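Hi,

Here is the model I said I would pass on.

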Amino acid sequence: MNNKIAEDLKNAMKSGDKFKLSVLRMLKSALLLESKAVKKDYELSDEEVIKVIKKQVKTRKDSITEYQKYEKFDEVSALEKEIEILNVYLPAEMSEEEINKIIDEVFASLKPTSMKDMGGVMKELNAKITNADMSLVSKIVKERLS
């Protein structure tokens, strides 16, 4: 995955796509910071790279929410384009149907009764759900528990 990102960075430089180039440079910087944070001398694994990219996407989604509150739609549009570029490197997210199926299984095994059980349910779901928007998962669980 590191090689693909580096190759895309090089292609963006050659093609003059300044926006994509800046997004990929930010991503490379985040990857380098993560690599240094865990004191590794080698490149991050694909799983670690995906984790960093998901974090970058989440940060941008949070920023979009804030910019929308203040009606800064140019910034929202730019952030959405950044997310599109980053999503290329992420595996396809699970559908809501697939998420609900896993939530059904966890509810059947844990039999939660109230919001007090939310932590245990989410812990179990975090282990089972790898490529989904966890805020959506959390929202679905909250709805079911209340």
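A quick word on terms before the pocket: by a pocket I mean an open set of grid points where a 1.4 Å probe fits, with protein on both sides within 12 Å along at least five of seven lines. Please also keep in mind that this is a predicted model.

With that settled, the largest pocket holds about 440 Å³ of space. Its lining has 16 residues, and those closest to the centre are Lys54, Lys58, Ala132, Asp133 and Met134. Which helix gives the largest share of that lining? It's α3, with seven residues. Both α3 (46-69) and α7 (134-145) supply at least two residues each. By type, the lining splits into eight charged, five nonpolar and three polar residues.

Now the overall picture. The C-alpha trace spans about 55 × 40 × 25 Å along its principal axes. Of the 146 residues, 33% are buried. Taking contacts between residues at least 6 apart in sequence, 57% join residues at least 24 apart.

On to the inside. Nonpolar side chains tend to be buried together in soluble globular proteins. Here the largest nonpolar core has 23 residues, and the members touching the most others are Ile5, Leu27, Leu31 and Ile53. Two or more residues of this core come from each of α1 (2-15), α2 (18-37), α3 and α4 (73-87). There is also a second, separate core of 16 residues, with Val106, Met122, Leu125 and Ile129 among them.

Beyond its neighbours within four places in sequence, Ile53 is in contact with Met1, Ile5, Leu27, Leu86, Tyr89 and Leu90.

The other residue I'd point you to is Arg60, also in α3. Is Arg60 buried or exposed? It counts as buried, because its relative accessible area is 7% and the cut-off for buried is under 20%. The side chain of Arg60 makes a polar contact of 2.9 Å with the side chain of Gln56. Setting aside neighbours within four places in sequence, Arg60 is in contact with Met26, Leu79, Glu82, Ile83 and Leu86.

Cheers

Note on methods. Residues are numbered from 1 along each chain as its sequence is written. This is a predicted model: local features need pLDDT of at least 70, side-chain atom pairs count only at pLDDT 80 or more; totals for chains, interfaces and linings use all residues. Side-chain values use heavy atoms; hydrogens and water are left out. On a 1 Å grid over the protein atoms alone, a cavity is a set of points where a 1.4 Å probe fits but cannot get out, and a pocket is an open set with protein on both sides within 12 Å along at least five of seven lines; lining residues have an atom within 4 Å of a point. Grid points are joined across faces, edges and corners, and a volume is the space filled by probe spheres set on the points. Helices (H or I, at least four residues) and strands (E, at least two) are DSSP runs, numbered from the N terminus. Ala, Val, Leu, Ile, Met, Phe, Trp, Tyr, Cys and Pro count as nonpolar, Asp, Glu, Lys and Arg as charged, and the others, Gly among them, as polar. A nonpolar core is a set of buried Ala, Val, Leu, Ile, Met, Phe, Trp, Tyr and Cys residues joined through side-chain atoms within 4.5 Å. Buried means under 20% relative accessible area, exposed over 50%, partly exposed in between (1.4 Å probe, protein chains only). Contact means heavy atoms within 4.5 Å. A polar contact is a pair of N or O atoms within 3.5 Å; within protein, one must be able to donate a hydrogen and the other to accept it, and residues adjacent in sequence count only if both atoms are side-chain atoms.
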